[in-house]
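This report describes a protein chain for a reader who has its sequence and its structure at hand. It begins with a single residue and then widens the view.

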Amino acid sequence: MNSSETEEKTRRPQRSLRPESPAELFAQAAHLSDLVKLRPLPDEDRLRFLARLRFSTTPEEAVTYTAFAALPPSSAGWGYECLRLMAEHLQPQERQMMQQIANWLATPTTRLRHEIMKQALWAPTRGPSVLLGLAVGWSTGTPAPNDPDPSPSHKTPVAVNSAVLSCLARVPLSQRSIFLARILDMAETLFGAY
């Protein structure tokens with residue numbers, strides 16, 4: 001493996017969450033404000049705001065907040081764990097993309113991330129795993145070898161949010177709240193570590 005292939009592993013942030021408080025994150029991320037209607041209180045910490053979202057009338061907004069509050073590589077990793085939890089609701093053709101994402105999470109090279117992005121862009125349908133593949137492609141650095149500009153900061157969280165919620169929508173209604181609770185338990189674990 002050459003130095004450019006290991007580039008993402010050495011540059012990968014050690015933190016999982018953005019440094020901003022919920023109120024600061026909402027002030028900075030216009031896309032988050034468009035997607036989540038409940039607003040954080042001025043001095044509210046991440047876990048308390050996540051809990052308020054979780055027990056609101058629209059608990060899906062807690063998924064959206066988590067996708068934005070985590071740094072892009074961590075957001076993509078959390079999204080992968082969410083989809084893995086709901087693997088029985090993925091189509092057989094989505095499993096190859098999930099394996100590629102698992103490989104990138106284990107060894108995050110630029111080359112593999114660009115390959116995932118290419119496959120996601122050319123996929124015939126945009127199911128949850130393809131949306132997650134796009135999130136990985138936008139998560140660190142440039143989305144393609146010939147693209148000099150890094151991806152806009154909202155791309156990964158929007159794609160992770162879409163991946164998780166579209167997979168959740170495939171779950172039978174009678175089981176949906178159970179899967180949502182498990183997804184938000186994983187979010188709490190992510191938030192609780194920082």
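Predicted model: local features only at pLDDT ≥ 70, side-chain atom pairs only at ≥ 80, totals over all residues.

Leaving aside residues up to four places away in sequence, Ser 33 touches Phe 26 and Arg 39. Ser 33 has its place in helix α3. A polar atom of its side chain lies 3.2 Å from the backbone oxygen of Phe 26.

Is Ser 33 buried or exposed? Its relative accessible area is 18%. Buried means under 20%, and therefore Ser 33 counts as buried.

**Helix α5**

Helix α3, which holds Ser 33, is also one of the elements against which the buried residues of helix α5 pack. Helix α5 covers residues 60–69, and nine of its ten residues are buried, so the helix is largely enclosed by the rest of the structure. Among these buried residues are Val 63, Tyr 65 and Phe 68, and the list also includes Glu 61, Thr 64 and Thr 66. Which helices do the buried residues of α5 pack against? The table gives them with their residue ranges.

| Helix packed against by α5 | Residues |
|---|---|
| α2 | 22–28 |
| α3 | 30–35 |
| α4 | 46–54 |
| α6 | 72–85 |
| α10 | 155–168 |
| α11 | 173–192 |

**The chain as a whole**

The chain contains eleven helices and zero strands. Of its 194 residues, 50% are buried. Among contacts between residues at least 6 apart in sequence, 67% join residues at least 24 apart.

The C-alpha trace spans about 45 × 35 × 25 Å along its principal axes. For 194 residues, a compact globule would have a radius of gyration near 16 Å; the chain has 16 Å, and so its value agrees with that of such a globule.

**The largest pocket**

The largest pocket has a volume of about 190 Å³. Sorted by class, the lining has four nonpolar residues, four polar residues and one charged residue.

Key:
Residues numbered from 1 in each chain as written. Heavy atoms only, no water. Buried < 20%, exposed > 50% of the residue type's maximum accessible area, 1.4 Å probe, protein only. Helix = DSSP H or I, 4+ residues; strand = E, 2+ residues; numbered from the N terminus. Contact = heavy atoms within 4.5 Å. 1 Å grid on protein atoms, 1.4 Å probe; cavity = no way out; pocket = protein on both sides within 12 Å on 5 of 7 lines; lining within 4 Å. Points joined across faces, edges and corners; volume = space filled by probe spheres on them. Nonpolar A, V, L, I, M, F, W, Y, C, P; charged D, E, K, R; others polar. Polar contact = N/O pair within 3.5 Å; in protein donor to acceptor, adjacent residues only side chain to side chain. Rg over C-alpha atoms; globule rule 2.2 N^0.38 Å.
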